[in-house]
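I opened the notebook for a quick look through this one. Here is what I looked up, in order.

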Number of protein chains: 2
Amino acid sequence: MVLFSAAQSTKKVVNVALIGPGGVGSSVLEQLSKLDQFKLISISNSKGTYINAAGIPFESAKSELSKASTKCLEKEVIPELAKHQPCIFIDNTSSEAVANLYPLALSHGVHVVTPNKVGFSASLSLFNHIRDASAASGALAYKESTVGAGLPVISTLETLLKTGDKVNKIEGVLSGTMSYLFNTFSKAGKNDEILFSKLVSDARDQGYTEPHPGSDLSGSDVARKLAILSRLIPGLENALTEGVNSVDVQSLIPAGLDGDITPEQFLSGLKDHDAHYEKLRKTASDNDSVLRYVGVIDVATGKIKCGLETYPSSHPLASLTGSDNIFLFHTERYGARPLIVQGAGAGSAVTAMGVVGDCITIAERV
Amino acid sequence: MVLFSAAQSTKKVVNVALIGPGGVGSSVLEQLSKLDQFKLISISNSKGTYINAAGIPFESAKSELSKASTKCLEKEVIPELAKHQPCIFIDNTSSEAVANLYPLALSHGVHVVTPNKVGFSASLSLFNHIRDASAASGALAYKESTVGAGLPVISTLETLLKTGDKVNKIEGVLSGTMSYLFNTFSKAGKNDEILFSKLVSDARDQGYTEPHPGSDLSGSDVARKLAILSRLIPGLENALTEGVNSVDVQSLIPAGLDGDITPEQFLSGLKDHDAHYEKLRKTASDNDSVLRYVGVIDVATGKIKCGLETYPSSHPLASLTGSDNIFLFHTERYGARPLIVQGAGAGSAVTAMGVVGDCITIAERV
């Protein structure tokens, strides 16, 4: 990135509209408040929107929401934002309804920055609408934090591709929860007693999983990230017609536990599968290997999949600890040893960092 | 980075002037030739410059150098480039004389992109001149490939800092040669016979070191990279008055071998130190540890140093293989587990990728 930017006095003020002031949204507000280049002109939650083109203090933005009134994002908010350009629409929700508005925002010249995976991992149709609206108006859509939170994953992939490298394969551990579960499970000694169901239950108690651990074990979060990455790769742009639903996913939700059951019922039922996981663990361990839930994009074969795999202990994926994400970019230029990015792939502050980093990049471009 | 850029037809053409068409320079030309946004208008080697504002084909640029004539970069070339903006001055040399011209280029509104470490790791005075010239004119200076070649090192550090993270420590293996030497040395089994001097000699034969291995073993390449990184960190901008010469460097050139001697004399003299290195290796190995030549920037203490250190085998630095670089960013947000970037940190194609990536970023900004 840039070493020195132009003198501060010449910096153009960029307006921002934030939707979804939850954990990540609050961190975004906090990080933006430290920068002098951004002016918050709109804040929305599920109940309504408060717009003030004169500027809303970042520090008190959430309390200003008391002044919010019901406004139609499509017909009232976005057209209003379009009058205050340059403007960035920051979507911190995980809502499909909001993602469906990106084409409208972009066609109004409003830039989009989001950690919301839906818009880029759902149907190819929505994805193409976003792309076309951006191309037509020149408004930008950035989404670094949809994959690996603040880690430089999408930017690295795009630099590789834009400079003409050929990406052969991307593989990695793309879920903090899956990372934690199998790093811990496989780290246990050969003779240790470790029950997979208890590990999942403990992880849930410690906040490592969603309230319903099935959400994590389904693998759909990993599949969404694979969809986002694969659509950046020449030849794979149109591979996943149904986005996340077109990815070849190995769900770790056992048959019979995939219905509408409570987390407690789920964890109880998972106990029946402890022997299965213990066998996998022992077999891997006997071969000086570990279990990892990995996502793989194999460009040559067009295979985009995620599932439980075994890696020898000398493999970079085996050295993973904690709940870190890891991404291995196997490319023509990097040859036998991939470019690797590793670190926390979840958490409010690091996700917000990805969002704010994108906002800064847009501010540098407009 | 950006998902979709504006339609190609709206892309502004950016002129480039390349100086130093060697290994990296040739790769830069090759990578730029695949992009439709750049026009080569000047090419220089140590003998002269050929300027053609109508455009020089990238493919035949090096042969066009036959038309080059002696031109003063300062008085003839840069003022001419300034007439053809936007223009990027790409310095692929390792020349201090060329680095000294960055302030002039920037003050003429000509952007600078370079893998040349000198301008950013020499005296604070030159560094400040570059910064001030950039701030005054708004012209940009990018240098991603000065550290870790194409790896996203500087961009990652800048995103962390710009978004308000607090960097506590950066540590890593910043030299491909040092990486190869100690990865190989420490990997050898406890009872294996491995002589450090023979390892260095073999590495030289295989092209892993400079023609004179002392250049690598001095640690100065690592120190230069530490100078570049540290100057980006608040509080350390002015820490190194003499740049690379202010870094606390442990040179691995033994006393008595630091004079003006041939590579052969150097390698022969190094044999007297095999027992010393073998002892270090055995001691580390006995403690389930490995040797690594690391660079460290400790922000709290202001300590910026490089030298040979011992790391337990479970440490991320211990898992390094081949000649990879690795960078660990310990920050407030990332907490106990650092953000890690790893991969090849040298080579023409990946260094050129860093250069071309910077050119693309500038093209997106102008």
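I count two strands as paired if DSSP finds at least two bridges between them. Strands (E, at least two residues) and helices (H or I, at least four) are DSSP runs, numbered from the N terminus.

A note on sources: this is a predicted model, where local features need pLDDT of at least 70 and side-chain atom pairs count only at pLDDT 80 or more, while totals for chains, interfaces and linings use all residues. Residues are numbered from 1 along each chain as its sequence is written, chains are lettered from A and ligands numbered from 1 in the order in which they are written, and side-chain values use heavy atoms, leaving out hydrogens and water.

**Strand β7(A).** I found β7(A) (residues 167–173) antiparallel to β11(A) (residues 324–331), over six bridges. Gly172(A) sits opposite Phe327(A) there. β7(A) also runs antiparallel to β9(A) (residues 289–298), joined by four bridges, with Glu171(A) opposite Val296(A). Five of the seven residues of β7(A) are buried (under 20% relative accessible area, 1.4 Å probe, protein chains only).

**Helix α9(B).** Next I checked α9(B), residues 176–187, and ten of its twelve residues are buried. Among them are Leu181(B), Phe182(B) and Phe185(B).

**Phe182(B).** Which residues have the most contacts inside the largest nonpolar core? I noted Phe182(A), Phe182(B) and Leu217(B), in a core of 171 residues (buried Ala, Val, Leu, Ile, Met, Phe, Trp, Tyr and Cys joined through side-chain atoms within 4.5 Å). Beyond four places in sequence, Phe182(B) is in contact (heavy atoms within 4.5 Å) with residues including Phe196(B), Leu252(B) and Tyr277(B).

Note on methods. Buried < 20%, exposed > 50% of the residue type's maximum accessible area, 1.4 Å probe, protein only.
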